[in-house]
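Here is a short briefing for a first look at a protein model. Keep the sequence and the 3D view side by side as you read.

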Amino acid sequence: MRLWAYTVRELWRRPGRTVLTVLGIVIGVAAVVSVSLASAGARDAFSNMFDQVAGRAALEVVAQARTPFDPAQAQAVESLPEVEAAVPAISVQAALLHGQERSPVLVLGIDPRVDGLVRDYVLREGALLSDETEVKADDLSDEAGAGAPVEALLEAGFARTLGLALGDEARLLTPTGLATLRVRGLLALRGAAVFNNGAVVVLPLERTQRLFDQEGRVNTVQLVLADGADVVAAQERVARVLPPGLIVQRPASRGGLADETLANTELGLSALSALALVAGAFIILNTFLMNVGERRRQLAVMRALGATRRQITRLLLREAILLGSGGRSWVWPPGRGSRRYSSDPCRVWWALTPPASR
Amino acid sequence: MCAASTARPAKGSVTPAVEAQGLTKAFGSGPTEVQALRGVDLSLRQGVFLAVMGPSGSGKSTLLHLVGGLTKPTSGKVLVGGQDLSALNDDALTLLRRRRIGFVFQFFNLLPILTALENVALPLIIDGVREAEATQRAAAAMELVGIAHRRGHRPGKLSGGEQQRVAVARALVTEPVLILADEPTGNLDSTTGDQVMALLRRLVDERGQTILMVTHDPRAAAMADSLLTLKDGFVAHEQRLDGGRSAGEILRELEGLS
């Protein structure tokens with residue numbers, strides 16, 4: 001018989017106590033694991049949510065006066081090594097009319113060739129915008145081109161509330177008059193469709209510029225940085241090459257409130273994790289102390305017979321490792337499983353919050 | 001201070017198995033302080049069986065614990081086989097206890113999950129002796145105390161007397177300089193108690209084992225070579241018995257002290 005066999009036999013001798021001890025460990029570990037997993041899930045969900053809204057752009061160039069500008073002014077930034085892509089876009093508030101329905105919308109004019117670099121478009125039905133949907137300025141100058149319906153993407157839920165289906169036409173109230181839109185694609189409430197709580201109309205860039213009397217102008221050029229590029233350093237480099245009147249900043253949707261929200265969430269979740277860790281450790285410690293307390297007499301006898309403190313400590317540590325491994329093996333597989341499920345509902349819940357009434 | 005000169009010149013070597021010099025022990029402090037021992041000198045030669053008696057609270061168990069290195073004295077020192085316990089750190093003290101002192105307790109204190117043989121082998125296992133050798137030596141110790149036929153039984157399946165025999169075998173297995181017995185018959189009926197005492201006596205007579213036994217039982221004390229009587233932390237009386245005193249005489253003397 002080796003000394004550690006004493007530990008194993010002691011565990012077998014009192015199966016009820018052993019199971020209760022393992023259960024205490026399971027509960028303690030589960031508390032820590034579940035809160036950690038929930039925290040990680042919530043963290044991912046928040047991060048994903050902001051990524052979807054803000055896109056993958058780390059920086060954006062805008063006019064200091066927040067007025068539209070010629071994107072050619074910002075062309076110099078494309079040559080910087082830190083900048084992988086510069087994606088122009090224009091966003092304008094307008095009203096969408098369909099039958100008796102009139103709904104304020106955010107019109108987002110994009111260049112379909114490059115916009116995918118910064119924003120996601122998850123298609124539910126129909127097709128995305130492409131080069132073909134962009135009618136060039138030359139074509140727009142003739143009467144037929146100017147009067148042709150503009151191909152548009154709408155968020156599926158928003159379109160449903162207006163009674164619009166794929167291929168339907170609606171009218172857009174613009175400074176140049178009423179323009180006819182044709183629904184080319186319906187989007188899931190993800191990526192760019194999350195803007196304005198889904199009340200967004202995505203149009204080709206040049207048509208948008210013309211409809212809103214902003215030919216050749218955009219109100220943002222979003223910058224995707226090269227892998228590993230430092231955002232702060234890149235921001236300084238970009239600022240140096242921009243002409244007066246243009247500034248570079250963190251994307252509006254990612255900065256300010258978003259950063260603060262993420263920081264607050266991180267702080268709250270970290271505090272919760274710490275609390276769970278303390279509670280879990282307390283449960284485990286208490287359970288183990290109870291277990292050791294019951295055997296105090298036996299351990300004292302072993303000390304009297306000549307076992308050193310180190311031997312007794314090693315004996316108990318070995319037992320703790322044995323029980324801890326047992327407890328961990330009970331908790332880990334379901335914990336790993338729940339990790340997968342914890343982030344998706346969070347993502348859906350948080351991303352859907354404002355327009356959930358639809 | 002008194003000295004218990006429990007010499008049996010015919011047996012053992014010159015170096016005493018146990019020496020205690022000016023031992024005091026206080027528990028607590030301030031107004032709640034209790035003086036358990038107030039200066040005890042003791043010299044116990046090898047191969048001598050010493051019984052320590054006295055009323056409750058006289059310091060018997062404290063003396064046993066101090067001699068066994070289980071607690072430290074407030075002042076004074078203890079030497080076991082010439083080794084000053086106060087000069088040892090915890091590990092060295094534990095090692096000395098493991099190899100040179102054997103314990104026999106009133107409530108046997110066998111580990112219930114181990115068989116009788118494993119209980120006896122435990123001090124050797126703790127000492128890192130190989131399993132085969134530990135088993136062999138444990139079996140020999142059990143043979144010596146006449147309990148070899150119960151080697152595979154757990155303590156729960158043994159009678160009180162058998163359990164105490166296993167405990168004595170466990171105390172003997174490391175061939176210690178000294179066996180400390182704390183009320184070895186306190187939890188046994190008189191017949192079984194007599195058998196256990198006969199066993200201890202035989203160990204002294206046949207093997208030259210040194211035993212220091214604390215007891216309330218005059219019948220048990222009568223089996224010893226010498227009797228040390230404690231009262232209020234002092235040595236109140238000491239005498240050589242050498243089988244010449246009956247339990248009744250010892251009892252009457254004790255009653256006279258209290």
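This is a predicted model: local features need pLDDT of at least 70, side-chain atom pairs count only at pLDDT 80 or more; totals for chains, interfaces and linings use all residues.

Residues are numbered from 1 along each chain as its sequence is written, while chains are lettered from A and ligands numbered from 1 in the order in which they are written.

**Chain B overall**
- Chain B has eight helices and eleven strands. Helices (H or I, at least four residues) and strands (E, at least two) are DSSP runs, numbered from the N terminus.
- Of its 258 residues, 50% count as buried. Buried means that 20 or more other C-beta atoms, placed from the backbone, lie within 10 Å of the residue's own; exposed means 12 or fewer, and partly exposed is in between.
- Take the contacts in chain B between residues at least 6 apart in sequence: 71% join residues at least 24 apart. A contact means that two C-beta atoms, placed from the backbone, lie within 7 Å.

**The sheet of chain B**
- Six strands make an open sheet with mixed pairing, in the order E7-E8-E9-E4-E10-E11 (chain B). Two strands pair if DSSP finds at least two bridges between them.
- Strand E7 (101-104) and strand E11 (234-240) of chain B are the edge strands, and each pairs on one side only.
- Neighbouring strands are turned by 20° against each other on average, direction ignored. Axes are lines fitted to C-alpha atoms, for helices over the stretch in contact, and angles run from 0 to 180 degrees between N-to-C directions.
- Strand E10 (residues 226-231) of chain B runs antiparallel to E11(B), joined by six bridges. Leu227(B) stands opposite Gln239(B) in E11(B).

**Helices on the sheet**
- Helix H5 (residues 160-172) of chain B packs on the sheet and touches E7 and strand E8 (178-182) of chain B. The direction of H5 makes about 170° with that of E7(B).
- Helix H6 (residues 190-207) of chain B lies across strand E4 (49-53), E8 and strand E9 (210-214) of chain B. H6 runs at about 140° to E4(B).

**Where the chains meet**
- 19 residues of chain B are in contact with 16 residues of chain A.
- Helix H2 (90-100) and helix H3 (116-126) of chain B are the elements that give two or more residues to the chain B side.

**A helix of chain A**
- In helix H9 (residues 296-304) of chain A, the buried residues are Val301(A), Met302(A) and Ala304(A). They lie on the same side of H9(A), because they cover an arc of only 160° around the axis. The arc is that of the directions from the helix axis to the C-beta atoms.
- Gly306(A) follows H9(A), and its phi is positive, near 115°.
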